[in-house]
Amino acid sequence: MIHQLIAALYNPQMELPHNEQFYDEVLKEINEYAVSSQLYFLMKQQGVLEETPLFFQKRLKANYQTALYQNIFIKKQMEQLFSVLEEIGIDTIPLKGVYFAEAYFGHIGARATTDIDLLIRKKDIQQAVQAVKGLGFDLEEEPIPSHFHISFSKRIPGSPFPLTVEIHWDILKETTADLQIEEFWNEARPLSPYERVKVLSDYHTLYLIC
């Protein structure tokens, strides 16, 4: 059902469904795929949200607001990390997350995120780990053999879930791929106002997401 809704949003010759039962069912798929924020922002942008049942609007809005507040908090935590990594001279690239939402979905709240993923050069991993731990991310998860990242978490007051930082040195398992990650670094562009924080090129962002 969600495909029918998405098709109507992108095809001007199609009308939005008017059956309330449809929206009741499609909410289940929206929750399953965790795309409330994307659909809410897109439908608001196109001015069609008000054409849907009120219960559907309220559910999307509530989920969007939860994602928005969470993303704002996560962005503040990322900015602290960036400042520390800049200070000690470590290059980093945020993967997915809030900057991805802003750049490709049009708004910080338009795509929910729950953790922080940072790409660090392999030679800088240990120094980055110490910096991350220094900001309170001291709950270390057991590393996964042959994987490409390590994870550190910290408890957040008032939240049942900790916030996790994943430090990546690659984006694919070393045992299943021969990826030249330095190409990603070479084509990355600076993220203002930082000097050592960069964002992936559009091409490599597409590759990462796929």
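This is a predicted model: local features need pLDDT of at least 70, side-chain atom pairs count only at pLDDT 80 or more; totals for chains, interfaces and linings use all residues.

Trainee: OK. Which residue in β5 is the bridge partner of Ile116?

Mentor: Val165 is the bridge partner of Ile116 there. Val165 in β5 also has Phe152 standing opposite.

Trainee: And how do β4 and β5 run, parallel or antiparallel?

Mentor: Antiparallel: strand β4 (residues 149-154) is joined to β5 by 6 bridges.

Trainee: What about β1 and β2, how many bridges there?

Mentor: You'll find 3 bridges between them, and β1 and β2 run antiparallel. As an example, Pro94 has Leu118 in β2 as its bridge partner.

Trainee: So what's the order of the strands in the whole sheet?

Mentor: The order is β1-β2-β5-β4-β3, which makes an open sheet of 5 strands with mixed pairing.

Trainee: Which strands stand at the edges?

Mentor: β1 and β3 (139-140) do. Each has a single partner strand, so one side of each has no neighbour in the sheet.

Trainee: Back to β2. How many of its residues are buried?

Mentor: 5 of its 5 residues are buried, so to speak a mostly covered strand. Ile116, Leu118 and Ile120 point one way, Asp117 and Leu119 point the other way, and all are buried.

Trainee: And His149, where's that?

Mentor: His149 sits in strand β4.

Trainee: Buried or exposed?

Mentor: Buried: the relative accessible area of His149 is 13%, and the cut-off for buried is under 20%. Setting aside neighbours within four places in sequence, His149 is in contact with Glu166, Ile167, His168 and Trp169.

Trainee: Let's switch to charges. How many salt bridges are there in the whole structure?

Mentor: A search finds 9 salt bridges. Take Arg121 and Asp91, whose closest N and O atoms are 2.9 Å apart. That pair links distant parts of the chain, 30 residues apart: Arg121 is in the loop between β2 (116-120) and α6 (125-134), and Asp91 is in the loop between α4 and β1 (92-94).

Trainee: Is Asp91 buried or exposed?

Mentor: Asp91 is buried, at 15% relative accessible area. Arg196 forms a salt bridge with Asp91 too, with 2.9 Å between the closest N and O atoms. Here the two partners are 105 residues apart, with Arg196 in the loop between β6 (189-190) and β7 (198-199) and Asp91 in the loop between α4 and β1.

Trainee: How accessible is Arg196?

Mentor: Arg196 is partly exposed, with a relative accessible area of 32%.

Trainee: Which residues do shared partners join into one network?

Mentor: Asp91, Arg121, Glu182 and Arg196, through salt bridges that share partners.

Trainee: Arg121 again! Which ring does Arg121 lie over?

Mentor: Arg121 lies over the face of Trp185, 4.2 Å from the ring centre.

Trainee: While we're on rings, how many aromatic pairs are there?

Mentor: The count comes to 8 aromatic pairs. Phe22 and Tyr23 are edge-to-face, because their planes are at 90 degrees, with ring centres 5.1 Å apart.

Trainee: Are those two buried or exposed?

Mentor: Phe22 counts as buried at 7% relative accessibility, and Tyr23 counts as buried at 0%. Phe22 and Tyr23 form one aromatic cluster with Phe56.

Trainee: Last topic, helices. How many residues does α4 have?

Mentor: Helix α4 (residues 54-87) has 34 residues. From its first C-alpha to its last α4 reaches 49 Å, close to the 50 Å expected at 1.5 Å a residue.

Trainee: And which glycine follows α4?

Mentor: Gly89 follows α4, and the phi of Gly89 is positive, near 80 degrees.

Note on methods
Residues are numbered from 1 along each chain as its sequence is written. Side-chain values use heavy atoms; hydrogens and water are left out. Rings of Phe, Tyr and Trp (its six-membered ring) pair if their centres lie within 6.5 Å; planes under 30 degrees apart count as stacked, over 60 as edge-to-face and the rest as tilted. Buried means under 20% relative accessible area, exposed over 50%, partly exposed in between (1.4 Å probe, protein chains only). A charge sits over a ring if NZ of Lys or CZ of Arg is within 6 Å of the ring centre and within 35 degrees of the ring normal. Helices (H or I, at least four residues) and strands (E, at least two) are DSSP runs, numbered from the N terminus. The expected span of a helix is 1.5 Å times one less than its number of residues. A salt bridge is a side-chain nitrogen of Lys or Arg within 4 Å of a carboxyl oxygen of Asp or Glu. Two strands pair if DSSP finds at least two bridges between them. Contact means heavy atoms within 4.5 Å.
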